[in-house]
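Hi,

Here is the structure I promised to pass on. Have a look at it first, then read my notes below.

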Amino acid sequence: MADATQRWEDNVPGKWYVDKSCILCSLCSDLAPNNFKESQQGDHDVVYRQPRNPQEEEQSKVAMEQCPVEAIGCNGLEAAPVAVGERETAGGPHEKTGVAPRHD
Ligand code: SF4
């Protein structure tokens with residue numbers, strides 16, 4: 001799983017990130033090109049833009065699932081599956097209502 005304490009500094013701020021275990025296979029930038037790309041240093045990929053819509057969120061999730069070294073993280077939520085009934089506290093939409101919690 002990705003480690004939020006090891007996220008590359010050149011990820012843009014936000015919940016999605018690439019950590020320092022990235023091996024620059026470029027799969028994420030192929031799967032979610034609106035959000036991931038090679039860093040300027042050329043030795044890892046980064047999140048250069050946080051997902052802005054459901055399609056980009058889905059592409060980023062696929063990239064996270066497919067990353068061969070699990071270097072993609074999403075606010076630490078990848079660390080443990082979210083149990084039914086705990087979705088509101090975990091940041092995802094409610095299981096039954098589909099309503100996402102507010103983080104004002
Ligand atoms: S898929 Fe994973 S290992 Fe490959 S470039 Fe993206 S973050 Fe790095």
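Let's start with Tyr 17. With 23 C-beta neighbours inside 10 Å, Tyr 17 counts as buried, and you will find this residue in strand E1. Before you read too much into any of this, please keep in mind that the model is predicted.

What does Tyr 17 touch, once its neighbours within four places in sequence are left aside? Its contacts are Ala 4, Arg 7, Asn 11, Val 47 and Gly 73.

Not counting residues up to four places away in sequence, Arg 7 touches Tyr 17, Val 18, Asp 19 and Gly 73. Zoom in on Arg 7 and Asp 19: they are twelve residues apart in sequence, but their C-alpha atoms are 3.8 Å apart in space.

Now zoom out to the whole chain. The protein chain has three helices and four strands, and from the N terminus on they run β-α-β-β-α-β-α. Of its 104 residues, 22% count as buried. If you take the contacts with a separation of 6 or more, 49% of them come from residues 24 or more positions apart.

Nonpolar side chains tend to be buried together in soluble globular proteins. Here the largest nonpolar core has 16 residues, and the ones that touch the most other members are Val 18, Cys 28, Val 47, Ala 63, Cys 67, Ala 71 and Ile 72. Which elements each supply at least two residues of this core? They are E1, strand E3 (45-47), H2 and E4. The largest share, three residues, comes from E1.

Apart from neighbours within four places in sequence, Ile 72 is in contact with Ala 2, Val 18, Cys 28, Ala 63, Met 64 and Cys 67.

H2 covers residues 54-66, which makes 13 residues, and its first and last C-alpha atoms are 18 Å apart, close to the 18 Å expected at 1.5 Å a residue. Ser 60, Ala 63 and Met 64 are the buried ones in H2. Why do they line one face of the helix? Looking down the axis of H2, you see the buried residues fall within an arc of 100°, so they line one face. As for partners, the buried residues of H2 pack against strand E1 (16-18), helix H1 (27-31), strand E2 (36-38) and strand E4 (72-74).

You can follow the H1 side of that through Leu 27, which is found in helix H1. Leu 27 is partly exposed, with 17 other C-beta atoms within 10 Å. Leaving out neighbours within four places in sequence, Leu 27 is in contact with Ala 63, Gln 66 and Cys 67. Leu 27 and Gln 66 are 39 residues apart along the chain, with 7.8 Å between their C-alpha atoms.

There is a ligand too. How many residues surround the ligand? The count is 14, and the closest are Cys 22, Cys 25, Cys 28, Asp 45 and Cys 67. By class, this shell has twelve nonpolar, one polar and one charged residues.

Most residues other than glycine have a negative phi. Leu 24, however, has a positive phi near 55° and is not a glycine. Leu 24 lies in the loop between E1 and H1 and is partly exposed, with 16 other C-beta atoms within 10 Å. Glu 70 also has a positive phi, about 55°, although it is not a glycine. Glu 70 lies in the loop between H2 and E4, and is partly exposed with 16 other C-beta atoms within 10 Å.

Happy exploring!

Technical notes:
Residues numbered from 1 in each chain as written. Predicted model: local features only at pLDDT ≥ 70, side-chain atom pairs only at ≥ 80, totals over all residues. Buried ≥ 20, exposed ≤ 12 C-beta atoms within 10 Å, placed from the backbone. Contact = placed C-beta atoms within 7 Å. Near = placed C-beta within 6 Å. Nonpolar A, V, L, I, M, F, W, Y, C, P; charged D, E, K, R; others polar. Expected span 1.5 Å × (residues − 1). Arc of directions from axis to C-beta. Core = buried A, V, L, I, M, F, W, Y, C linked by C-beta atoms within 7 Å.
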